[in-house]
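Here are some notes for a colleague who is opening this entry for the first time.

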Amino acid sequence: MDTAPLGRLGPVSRLTLGGGGIGQIWGETSRDEALATVHAAIDAGIDLLDTAPMYRNCEQFIGEAFGGRLPKGVRITSKCALGTVPHADAEKRIVGSLEASLAAMKLERVDVYFLHTNLCADDYVYAHGNDRRDQAATTWSLYSERVVPTFDRLVRDGRIGAWGITGVGVPVTILAALEHGPRPHVVQVITNLLDSPGGLRRYAEPAQPREIARAAKGAGAGTMGIRAVQAGALTREIDHALPPNYPDAKDYARAAPFRALCERWGEDPAQVAHRYALSMPNVDTVVLGVKNRAELAQCLAAEAAGPFDARALAEIDALGLRA
């Protein structure tokens, strides 16, 4: 498998095994199939695992799969869904979440630790779900005054190798974080042909994922592309129930011309979507949401096929589907 440098981590595989599917949040999968998928990914050359405590059983399964001893060369991430808490409580919450993740995975450190809540200005009002802002978002003052110093100390103490942010919050605030020192070492960025965060988006402004990826690379950060198939919107059929007005369901309807194009090409939409994500500039590795070995095999085939040429990319972009 090809590799690319992920900031200070150095070369990593172009595909990362995400924890959502393995943890059983992207549809049904058994414990045995989840564990088999983890081992199959490692055997295929994937050397980065992206976990989080909010991915249900993911971190427990990682602990079961490896018994606290990751295979040589394999690196791992975890996340903290901090939200907005009193400044005095932030360090305890961050460290407590890390310790719980390490215990579940039977590890002593992780290679990257992410702030997994949105970033927003202290006085920002979300267009949707503002009543849940303190659960879903971390304010700028909390981030700059408490989160960043705590993450930096965890790096110095050897508990984490690097830290990062999930870059799906208010775009102007994400861009500010990439200019504010100390800067995150890694950023997770929306990477799909729709440029859509789907149900992750609570703000009214344009999402700007390509601008965020470009800024991250300009700041020397590694970039991990997420939502390559946009929660199933870029597959043949979404395999979990959604209300018709939910953003991911709307994206699925909007992507009908893409599915028609894939049919003309004789290609599976999910494989094309992953190959498109791997072709996008400023993205070091693409995080997979697969939940079984069959879905993994499809993604491995997309990586093996290599990036699309300019002509194929232009034909997809000409559909006019970007948000």
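Notes on the model

1. Tryptophan 140 and tyrosine 143 are three residues apart in helix 6 (residues 140-156), so about one helical turn separates them. Residues three or four places apart in an α-helix point the same way, because a turn takes 3.6 residues. Please keep in mind throughout that this is a predicted model.

2. The structure holds six aromatic pairs. In the pair formed by tryptophan 140 and tyrosine 143, the ring centres are 5.4 Å apart and the planes meet at 40°, so the pair is tilted. The limits behind that term are under 30 degrees for stacked and over 60 for edge-to-face, with the rest counted as tilted.

3. How exposed or buried are these two residues? Tryptophan 140 has a relative accessible area of 23% and is partly exposed. Tyrosine 143 is at 0% relative accessibility and therefore counts as buried. The cut-off for buried is under 20%.

4. Elsewhere, a charged side chain meets an aromatic ring: arginine 259 lies over the face of tyrosine 252, at 3.7 Å from the ring centre.

5. The largest nonpolar core contains 80 residues, and the most contacts inside it are made by Tyr113, Tyr143, Ile165 and Phe258. Helix 6 supplies the largest share of this core, with seven residues. A second, separate core has 13 residues, among them Leu9, Val12, Leu48 and Val186.

6. Which residues does phenylalanine 258 touch, leaving aside those up to four places away in sequence? They are Leu193, Leu234, Pro269, Val272, Ala273, Leu319 and Leu321.

7. Helix 9 (residues 247-254) has Asp248, Ala249 and Asp251 as its buried residues. These residues lie on the same side of helix 9, because they cover an arc of only 155° around the axis.

8. Strand 3 (residues 15-18) is covered on both faces. Leu15 and Leu17 are buried on one side, and Thr16 and Gly18 are buried on the other. In a regular strand, side chains alternate between the two faces of the sheet.

9. Strand 3 pairs with strand 12 (residues 285-288) in the parallel sense, over three bridges. Here leucine 15 stands opposite valine 286 of strand 12. Strand 3 also runs parallel to strand 4 (residues 48-50), to which two bridges join it. The partner of glycine 18 in strand 4 is aspartate 50.

Conventions. Residues numbered from 1 in each chain as written. Predicted model: local features only at pLDDT ≥ 70, side-chain atom pairs only at ≥ 80, totals over all residues. Heavy atoms only, no water. Phe/Tyr/Trp six-rings, centres within 6.5 Å; stacked < 30°, edge-to-face > 60°. Helix = DSSP H or I, 4+ residues; strand = E, 2+ residues; numbered from the N terminus. Buried < 20%, exposed > 50% of the residue type's maximum accessible area, 1.4 Å probe, protein only. Lys NZ or Arg CZ within 6 Å of the ring centre and 35° of its normal. Core = buried A, V, L, I, M, F, W, Y, C linked by side-chain atoms within 4.5 Å. Contact = heavy atoms within 4.5 Å. Arc of directions from axis to C-beta. Pairing = 2+ DSSP bridges.
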